[in-house]
Amino acid sequence: MPAGPEHSNPAKRMRLFIQDLAAKHHFQPTRLLEMLREIQARDHHISNEAVELLAKALQIPRTRIIDAVEFYNFFSSTPKGRYELLISDSITDRMLGKDALIEYMAEKLRVPVGGVRNDGLVSLDNTSCTGMCDQGPAGLVNGHALTRLDRARVDRIADLIERQTPLAGWPPEFFQAEDNIRKSGLLLGRPIAPGDALKAAYTRGLNQTLAEIDASGLRGRGGAGFKTAAKWRFCAEEAETERYVVCNADEGEPGTFKDRGLLNAFADQVFEGMTLCAAIVGAKHGFLYLRGEYLHLYDKLQAILAQRREAGLLGRGILGHNLDFDIEIRLGAGAYICGEESALIESLEGKSGIPRNRPPYPVSHGYLGKPTVVNNVESFFAAAAIAVHSGAWFAAHGTEKSKGTKILSISGDCTHPGIYEYPFGTPVRTILDDCGAKDILGAQVGGPSGTFISNREFGRLLAFEDLATGGSFIVFNNSRNILDIAHNFTHFFAHESCGFCTPCRVGTSLLRKQLDKIYDGRGSAGDVAALDEICRLVKTYSHCGLGQTAANPVLTTLARYPEAYQSRLKKISYEPGFDLDAELETARRLANRSDAAAHLSQTGE
Amino acid sequence: MTKTFILDGQPIPFSDGQTIIDAALDAGAYIPHLCHHSGYTPHGSCKLCSVLVNGRVCSACTFPATEGLEVLSHTEELNEDRKRITQMLFVEGNHLCPGCEKSGNCKLQAVGYYLGMHDNHFMHFFSPRKLDASHPDVMIDLNRCIFCTLCVRASREKDGKDVFAISGRGINKHLIANSASGLLKDTDLEASDKAAHICPTGAILIKRTGYATPIGARDYDHQTIAEVSLEQEQESHGG
């Protein structure tokens with residue numbers, strides 16, 4: 001049926017756009033996320049039409065695209081505003097006044113939180129921690145990081161949006177992200193020059209360099225602490241010769257931002273560590289999986305990769321040796337679970353981030369089923385330094401089981417939030433003194449998946465054998481409420497659960513409901529025990545690290561502050577899980593009733 | 001020489017590449033499961049088959065059997081927790097057994113009975129879920145879907161089609177049909193497909209066949225799921 005030109009043109013434009021987009025990405029379904037990012041940026045949603053066209057172009061089932069759109073937070077199947085505003089909902093943003101600020105934004109821009117304005121100009125919503133905890137409240141506009149938001153800034157942003165000013169015309173300081181490196185140690189204080197690690201490795205010999213990394217005692221800096229040298233060796237020993245190196249820059253743990261700083265100030269050294277790994281394990285292709293929230297680093301990182309290619313540090317015959325290796329940057333799209341290494345690999349393959357069944361592990365069956373090393377940004381950063389300065393240099397610091405240093409992201413109630421480097425074995429008290437924390441209630445070490453330690457435990461040590469951490473360190477002073485913290489973290493996990501396994505999919509949401517019941521003052525005697533039981537089930541039976549740690553915020557605070565929970569309970573033996581009167585709301589609306597007889601009182605009141 | 005591992009004190013023979021659950025079922029030892037089905041790629045998501053392997057919690061349906069493993073399955077603690085996981089599935093969806101055609105043939109219900117489940121224990125979600133009756137021969141009631149992905153796998157692996165997928169994240173996950181309209185009638189699903197018959201619950205039903213087998217004469221009316229599973233799944237193994 002012929003349509004008028006005003007109708008056929010957008011459809012035709014869409015067809016051409018999708019065709020060009022697919023061609024640009026070589027019709028590779030592994031690059032699905034990149035393509036979806038571009039569609040979302042252009043149309044502010046992924047329409048059914050786009051799904052159909054893309055499925056045909058890539059020759060994949062449409063369901064795979066729909067799944068990805070629904071899985072990743074930064075994609076939407078319904079139209080968002082032409083200015084998509086997302087506000088970081090980390091506990092640290094909340095402590096900096098985020099709740100009042102987002103309400104103010106909603107009012108100012110005349111858009112409900114979670115909604116799109118009628119004219120389609122702007123949408124506003126919450127998002128998980130954007131990694132700007134040292135300079136919040138933070139957010140994203142069309143994927144670009146906004147920092148240090150306050151009412152004055154919101155006023156100006158609202159004005160820019162009403163005038164439909166392109167982001168390029170916004171004041172650059174709105175997007176300014178400081179590194180805030182406050183304390184440099186072994187690694188931050190002695191960065192290497194580009195090429196030095198590779199030269200040292202080839203001079204010493206690759207096997208001997210792997211032995212140096214082994215001697216350094218370096219363990220994975222993401223938090224799990226697997227020995228880096230062992231991982232590289234396992235991968236190198238695989239029979240399959242097509243191998244991959246992946247740098248996990250998806251630091252989504254609320255309160256973590258050290259990789260943001262490392263990639264902004266020391267990207268060369270991180271890429272050098274990846275190249276070193278490629279030389280040792282025999283990989284030709286590497287990926288930097290950069291969390292979508294760090295889009296602002298993308299162009300700069302591409303430029304550094306280009307410089308390295310020009311300098312002969314990437315590409316064919318690196319430094320004249322028999323080493324061909326290059327690095328591709330892939331952006332995430334808003335999913336905490338993709339920090340889990342097998343979920344990250346699924347995401348690299350263009351799928352939703354569902355952790356795989358293990359064994360087999362990525363070192364033997366990783367990207368496209370090939371042997372793959374996945375390491376944290378900081379691990380590659382450290383490995384490059386070890387190649388230059390030797391394993392003994394690194395191992396001379398730290399403790400027996402935790403060698404070297406750890407880079408922390410410190411935020412919350414302290415005068416100097418930012419990035420700090422400490423030798424392992426440093427007591428928490430020292431760290432708190434350095435960052436200017438006073439009148440302290442406690443600290444969350446390792447983010448929501450880590451441990452809450454109270455002010456009676458500041459002698460505890462930063463180390464795998466005591467407080468293991470991926471680097472998140474959030475300080476709380478005595479004005480903060482324990483339940484607010486547990487509440488924010490528990491909601492975070494329920495929102496970020498991938499939903500693959502029953503205990504995590506259902507359990508994290510049950511945990512949220514059960515904690516809300518107590519938090520909202522609707523809990524009774526049995527409810528804390530019920531909370532404890534759900535925690536145990538989620539922790540014990542979940543498929544991956546997300547579920548296995550999702551109950552930690554409740555478990556670690558319940559153990560230390562049972563009275564904080566008990567004090568919210570009603571003094572009756574049983575309270576139903578739902579509000580009887582609230583459940584009647586739909587019925588009242590349908591019946592157009594609001595009189596007293598249309599309301600019920602809850603038992604026990 | 002046959003390789004064996006120990007399950008609840010008994011030696012279980014296995015062949016290379018077998019998972020714990022397959023070897024156990026072949027040897028006549030039932031381990032509760034919902035998303036596992038012999039002959040299909042293991043999924044490992046329902047977690048009912050959680051067992052202790054050398055003291056660590058593992059999914060029996062994905063964990064490879066190896067010589068000398070010490071596996072615990074039929075313990076009071078594990079069965080109590082399996083009951084809780086089953087209850088999670090019950091409160092997540094909207095499972096109203098007395099009004100469901102699958103009652104008596106339903107694996108979710110049968111596992112509930114097997115584990116001694118007498119109530120739902122947890123708070124209900126009462127999530128609004130859709131029903132798709134558009135297809136002439138097959139209907140879907142998403143209220144009863146437990147995300148086992150057996151229909152997804154059956155369509156892909158057995159029928160050579162790609163009719164179903166699980167989409168979305170977390171508690172908002174849902175089953176979708178592969179058609180531009182999203183409706184089942186516009187997919188290439190046929191009532192004779194394996195995917196139309198594999199559902200362990202009443203989420204996918206064949207139209208006009210309701211109550212052909214009367215209540216009282218159904219799979220789990222006189223036998224437990226352990227007995228039925230061992231008969232049926234051993235057969236499908238040829239074991």
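Q135(A) lies in the loop between strand 3 (122-127) and strand 4 (139-141) of chain A, where helices (H or I, at least four residues) and strands (E, at least two) are DSSP runs numbered from the N terminus. The model is predicted: local features need pLDDT of at least 70, side-chain atom pairs count only at pLDDT 80 or more, and totals for chains, interfaces and linings use all residues. Residues are numbered from 1 along each chain as its sequence is written, chains are lettered from A and ligands numbered from 1 in the order in which they are written, and side-chain values use heavy atoms, with hydrogens and water left out.

Q135(A) counts as buried because its relative accessible area is 3%; buried means under 20%, exposed over 50%, and partly exposed in between (1.4 Å probe, protein chains only). The side chain of Q135(A) reaches the backbone nitrogen of E178(A) at 2.8 Å. Apart from neighbours within four places in sequence, the residues in contact with Q135(A) include T147(A), R148(A), Q176(A), E178(A) and R260(A), contact meaning heavy atoms within 4.5 Å. P137(A) is also placed in the loop between strand 3 and strand 4 of chain A, and the peptide bond that joins G136(A) and P137(A) is cis, with omega about -5°.

**Other backbone features**

P360(A) is found in the loop between helix 14 (341-348) and strand 10 (372-376) of chain A. In chain B, F126(B) has a positive phi near 45° and is not a glycine. This residue, F126(B), is in the loop between helix 3 (107-114) and strand 6 (131-132) of chain B, and it counts as exposed because its relative accessibility is 54%. Y211(B), again not a glycine, has a positive phi of about 60°. Y211(B) lies in the loop between strand 10 (204-206) and helix 5 (225-237) of chain B and is partly exposed, with a relative accessible area of 43%. Most residues other than glycine have a negative phi, and most peptide bonds are trans.

**Interface of chain A and chain B**

In chain A, 40 residues are in contact with 41 residues of chain B. About 3,400 Å² is buried between chain A and chain B, and carbon and sulfur atoms give 59% of this area; buried area is the accessible area (1.4 Å probe) that two parts lose on being put together, summed over both. T63(A), R505(A) and Y541(A) supply 19% of the area that chain A buries against chain B, more than any other three residues.

Four salt bridges are found across the interface of chain A and chain B, a salt bridge being a side-chain nitrogen of Lys or Arg within 4 Å of a carboxyl oxygen of Asp or Glu. R505(A) pairs with E92(B) in a salt bridge whose closest N and O atoms are 2.7 Å apart. Helix 4 (62-71), helix 18 (482-496), helix 19 (502-519) and helix 20 (527-541) of chain A each supply at least two residues of the side of chain A that touches chain B. Helix 19 of chain A gives the largest share of that side, 10 residues.

S497(A) lies in the loop between helix 18 and helix 19 of chain A. At 0% relative accessibility, S497(A) counts as buried. Beyond neighbours within four places in sequence, the contacts of S497(A) include C504(A), R505(A), R169(B) and G170(B).

Over all chains, the structure holds 56 salt bridges. Side chains of opposite charge can pair when their charged atoms come close.

| Salt bridge | Closest N and O atoms |
|---|---|
| R42(A) and D43(A) | 2.9 Å |
| K227(A) and D214(A) | 2.9 Å |
| E346(A) and K351(A) | 3.7 Å |

E346(A) counts as buried at 12% relative accessibility, whereas K351(A) is partly exposed at 28%. Salt bridges that share partners join R221(A), K258(A), D259(A), E378(A) and K406(A) into one network. R42(A) is partly exposed, at 34% relative accessibility. K227(A) is partly exposed at 34%, and D214(A) is partly exposed with a relative accessible area of 27%.

Methods: A polar contact is a pair of N or O atoms within 3.5 Å; within protein, one must be able to donate a hydrogen and the other to accept it, and residues adjacent in sequence count only if both atoms are side-chain atoms.
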